[in-house]
Amino acid sequence: MKHVFLMVVRLYQKLISPLFPPSCRYYPTCSNYMIVALQKQGAIKGSLMGTARILRCNPFVKGGYDPVPDYFTLKRNPHPDEKILN
């Protein structure tokens, strides 16, 4: 199942993405984030993480560097300069 999702994302990258100007507000791009999330977390969790990232990518967010975490989460990684309060 994971391989099917990876194939769909790679087809998107090759066939559909070149037709539009670059607009992703994050680095790595949302499609690259989806690929890494699928590879790290598998089909279900990886697709959930990638979908959450795509939904976060909109004109109302700051964007920036947001790598795929090693653990499952649907939230954005905290910025390294921000302190996390427990």
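These notes walk through a predicted model of one protein chain, point by point.

1. **How to read the model.** Residues are numbered from 1 along each chain as its sequence is written. Since this is a predicted model, local features need pLDDT of at least 70, side-chain atom pairs count only at pLDDT 80 or more, totals for chains, interfaces and linings use all residues, and side-chain values use heavy atoms, with hydrogens and water left out.

2. **The overall layout.** The protein chain has three helices and two strands. Here helices (H or I, at least four residues) and strands (E, at least two) are DSSP runs, numbered from the N terminus. Reading from that end, the order is α-β-α-α-β.

3. Of the 86 residues in the protein chain, 31% are buried. Buried means under 20% relative accessible area, exposed means over 50%, and partly exposed is in between (1.4 Å probe, protein chains only). The accessible surface of the chain is about 6500 Å², and carbon and sulfur atoms account for 65% of that. These areas come from the Shrake-Rupley method with a 1.4 Å probe; for residues, only the protein chains shown count as cover.

4. **Contacts along the chain.** Take the contacts (heavy atoms within 4.5 Å) between residues at least 6 apart in sequence: 59% of them join residues at least 24 apart.

5. **What helix 2 hides.** Its buried residues are C30, S31, Y33, M34, I35, A37, L38 and Q41. The cover over them includes helix 1 (2–16) and helix 3 (43–56). Look at S31 as an example: this residue sits in helix 2 (residues 30–41). S31 counts as buried because its relative accessible area is 15%. Leaving out residues up to four places away in sequence, S31 touches V9, Y12 and Q13.

6. **One aromatic pair.** A search of the whole structure turns up one aromatic pair. The partners are Y27 and Y65, which are stacked, at 6.1 Å centre to centre and with 25° between the planes. Y27 is in strand 1 (residues 26–27) and Y65 in strand 2 (residues 64–65), so to speak distant parts of the chain, 38 residues apart. For the cut-offs, rings of Phe, Tyr and Trp (its six-membered ring) pair if their centres lie within 6.5 Å; planes under 30 degrees apart count as stacked, over 60 as edge-to-face and the rest as tilted. Both Y27 and Y65 are exposed.

7. How many salt bridges does a search of the whole structure find? There are three. A salt bridge is a side-chain nitrogen of Lys or Arg within 4 Å of a carboxyl oxygen of Asp or Glu. One of them joins the side chains of K40 and D70, at 2.7 Å from N to O. Because K40 lies in helix 2 and D70 in the segment after strand 2, the pair ties together parts that are 30 residues apart in sequence. K40 is partly exposed, at 42% relative accessibility, whereas D70 is exposed, with a relative accessible area of 65%.

8. R53, R56 and D66 are linked in a network of salt bridges. In another, the closest N and O atoms of R56 and D66 are 3.0 Å apart. R56 lies in helix 3 and D66 in the segment after strand 2, so this pair ties together parts ten residues apart in sequence. D66 and R53 are both buried. R56 is buried too, with a relative accessible area of 15%. Setting aside neighbours within four places in sequence, R56 is in contact with Y26, Y33, V61, D66, L74, K75 and R76.

9. **A nonpolar patch.** On the surface, M7, L11, Y12, L15, I16, L19 and F20 form a nonpolar patch with about 750 Å² of accessible area together. Patches are made of residues with over 30% relative accessible area and no salt bridge: like charges are joined within 9 Å, nonpolar side chains (Val, Leu, Ile, Met, Phe, Trp, Tyr) within 5 Å. L11 is in helix 1 and counts as partly exposed, at 43% relative accessibility.
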